[in-house]
Each structure stands twice: as structure tokens, then as C-alpha cells.
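Have a look at the sequence and the fold, and then we'll pick out some details.

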Amino acid sequence: MQEVPAAKSAAAPPIDDDVEDAMHSLFAPQYSLATFRFGEEKSLQIKTSLSSSTDYDMTGAIVWPASELLCWFILKHPDFFRGRRIIELGSGASALPGLVVSGLASIVCLTDGMPELIEKTVENIDINKATFAPGTSVSAHVLRWGDDDSLAATLHEEFHGQPVDVILGADIVVWENVLPQLFHTIGRIFAHHRAAAGGSNPPVGAEGEAAWAHVPCAVLTYQRRFLSGERTMAQLAETEHFRVLRLDALGFLGPEEKERFAASEHGVDYALMVLMPQ
Ligand SMILES: C[S@@+](CC[C@H](N)C(=O)[O-])C[C@H]1O[C@@H](n2cnc3c(N)ncnc32)[C@H](O)[C@@H]1O
């Protein structure tokens, strides 16, 4: 009788040896190049994913609508952003607002807590460098909120002791449990500005500018999802001694752009919040 070799049962390695890889491939975003246009003025090519996973913390693989809203805010207020030193927190892979502001600012540092996303951000910087203002330094760093050492290293490396003028954040107030770390990091960046300014921190704004247009400040756009998150943010702003300005999130848009956000998702309520040290 012919001997039958033992079945090789698809030669799969023991599952527990390969869990990390298997989970990664299951949740790995599929990136492709997409064009983001902002009227006639601006067009960027961005490597982005069409889907993301919240389970594997890859929400930053896609471009969230709040990110496009923040881009419009920047493009509608170019004089405020021109020549500024800027850090984007939770930029995700696309870092769309940070790349848009790179056409105006002097230093732009794009940051996220997920190293996998920052690898893509580096590629997006490279693809779009022809759109940056001449001489603008644009970099990408892994930065987890609440990690003071990484923040100090990033500020030292990219800003060379100079203060950060503007913090950008699109849809980064999604998780209530990390809001304390996020607000702490914003507070540290404001404190760094105060230290660089010799201990005082009077907001600097051009004459005739709107009430929000001062440095340092944090400009955050987001989709309003949880009322409890709004309450937590109000409490944290008080603890960190931030002044909070809430602006009309769509008020600066033209009718066509407004339509795009109003029509994009029914019932989505966008928010635009500016934080400043008191
Ligand atoms: C909803 S996504 C928004 C991404 C991008 N700003 C946008 O609007 O398209 C939130 C981003 O925050 C990042 N993030 C979440 N928790 C973080 C933390 N503790 N430290 C740093 N980044 C964090 C995520 O990795 C993700 O990229």
C-alpha cells in the first residue's frame, strides 16, 4: 500500500506566533494617491486610505472632513498664518492642514502618536514640497500627547528654542480618555512660548485682527460627537488656564464650500475652537 504523507494542513504557523502580523494585515490601511482641491488656490496630492480602523487605532489613515475644514480656515486667513511657526497634533498620515499651511508658514512640524502614520506623512511631505513657501522647514515626528520628553525633543530639534505660534488639530478631540493628555501637551507648548518670550505671554496679534487671531493659540476643528466631551474640554480648559473662543465653524466659508460641508453628512455638527493662554 502506498504510504500517504501526513497532511500538511496548509502549513500555517501556530496562530499565537503570528498574532501581531495577522492583526496588522487585518487592519492595515490601503493607501492610494488622492487629490484634495481647495478652490482655484490650492491642490495637494495625498497618500491616504479610504478606510480606517478604530480597533487598531488607525483613525489617522484617512482624511477626516474636519481636516478639510481646517484647511479652508487657514486659506481664508492667510495673513495670520504667514511666517508663523506651527505644530500640528494628531495630524494622521495626510496632515492636510499642516501641508496647506506649509505654503504660508516658516516652520511646520507634523506630529502623530502612531509611527506607522508618520511614515506616510513623510511621503506626503515629499510629494507636496513644491507647494511649500520658499525656505519653509517641514518635518514629521512621532509625538504622543502627555509625553513631555518627546515634546521637548521635538521643539528643540525643529524649532531650535523658538516658540511655536500656532497649534493645529483636526478631529483630535475624539476620545474623552486622552483629552487630559492632549490639553496638557497644548499647555506645555504655550508654556514654552511664555519661556521663550521671557516669562510673559501677552497674546500677539496684528492690529484689526479678529479676537481669535493671536499667538500663541491652538485652532481645533472637529465633529461634535459627545456632549460629555464638550464638558470635559471646558473643565480642562479651566484647569490649564486656557481662554476658549468658539467660532462659527462654517461662518468663514463661501456658499459653495458651506454646501459641501452641510451636504457631506446629514446631521454632522462641526465645531471650531480656539484656545489661548490666559
Ligand atoms: C480622527 S484622527 C484625525 C486625523 C487627522 N487630523 C484628520 O483629521 O484627518 C485622530 C488622530 O489622532 C491621533 N492620536 C490619537 N491619540 C493620540 C495620542 N494620545 N497622541 C498622539 N496622537 C494621537 C491618531 O493617531 C489619529 O491620527
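Where is the place of Ile127? Ile127 sits in helix α5. Helices here are DSSP runs of H or I with at least four residues, strands are E runs of at least two, and both are numbered from the N terminus.

Before going further, a word on what you're looking at. This is a predicted model, in which local features need pLDDT of at least 70 and side-chain atom pairs count only at pLDDT 80 or more, while totals for chains, interfaces and linings use all residues. Residues are numbered from 1 along each chain as its sequence is written.

## The overall picture

The chain has nine helices and nine strands. Of its 278 residues, 37% count as buried. Buried means that 20 or more other C-beta atoms lie within 10 Å of a residue's own, exposed means 12 or fewer, and partly exposed is in between, with C-beta atoms placed from the backbone. If you take the contacts between residues at least 6 apart in sequence, 72% join residues at least 24 apart. Two residues are in contact if their C-beta atoms, placed from the backbone, lie within 7 Å.

## The core

The largest nonpolar core holds 67 residues, and Leu70, Ile86, Val101, Ile167 and Val219 touch the most other members. Helix α2 (residues 65-76) gives the most to this core, with eight residues. Such a core is a set of buried Ala, Val, Leu, Ile, Met, Phe, Trp, Tyr and Cys residues joined through C-beta atoms within 7 Å. As for Leu70, leaving out residues up to four places away in sequence, it touches Pro97, Leu168, Ala170, Val219 and Thr221.

## Around the ligand

There are 22 residues surrounding the ligand, and the closest are Gly60, Ser67, Gly90, Gly92 and Gly113. To count as near, a residue needs its C-beta atom, placed from the backbone, within 6 Å of the molecule. The shell divides into 10 nonpolar, nine polar and three charged residues. In this scheme Ala, Val, Leu, Ile, Met, Phe, Trp, Tyr, Cys and Pro are nonpolar, Asp, Glu, Lys and Arg are charged, and the others, Gly among them, are polar.

## Two helices side by side

Two packed helices are described by the angle between their axes and the distance between the axes. Helix α7 (residues 179-196) and helix α8 (residues 227-239) pack at about 35 degrees, with axes 10 Å apart. The axes are lines fitted to C-alpha atoms, for helices over the stretch in contact, and angles run from 0 to 180 degrees between N-to-C directions. Leu179, Pro180 and Phe183 from α7 meet Gly229, Thr232, Met233 and Leu236 from α8. That contact has five nonpolar, two polar and no charged residues.

Leaving aside its neighbours within four places in sequence, Ile127 is in contact with Gln45 and Lys47. Asp126 is also placed in helix α5, and it counts as exposed because it has 10 C-beta neighbours inside 10 Å.

Thr131 and Pro134 lie in the loop between α5 and β5. Thr131 is partly exposed, with 15 other C-beta atoms within 10 Å, while Pro134 counts as exposed with 4 neighbours inside 10 Å. Setting aside neighbours within four places in sequence, Thr131 is in contact with Leu44 and Gly103.

Here are some C-alpha to C-alpha distances for these residues:

| Pair | Apart in sequence | Apart in space |
|---|---|---|
| Ile127 and Leu33 | 94 residues | 10.0 Å |
| Asp126 and Val138 | 12 residues | 9.6 Å |
| Pro134 and Ala105 | 29 residues | 9.6 Å |

## Backbone details

Val215 and Pro216 are joined by a cis peptide bond, with omega about 0 degrees. Pro216 is found in the loop between α7 and β7 (217-223).

Ala95 has a phi near 50 degrees, a positive value in a residue other than glycine. Ala95 lies in the loop between β3 (85-88) and α4 (96-101). Is Ala95 buried or exposed? Ala95 is buried, because 34 other C-beta atoms lie within 10 Å.

His160 has a positive phi too, about 50 degrees, although it is not a glycine. His160 is placed in the loop between α6 (148-159) and β6 (166-170), and it counts as exposed, with 10 C-beta neighbours inside 10 Å.
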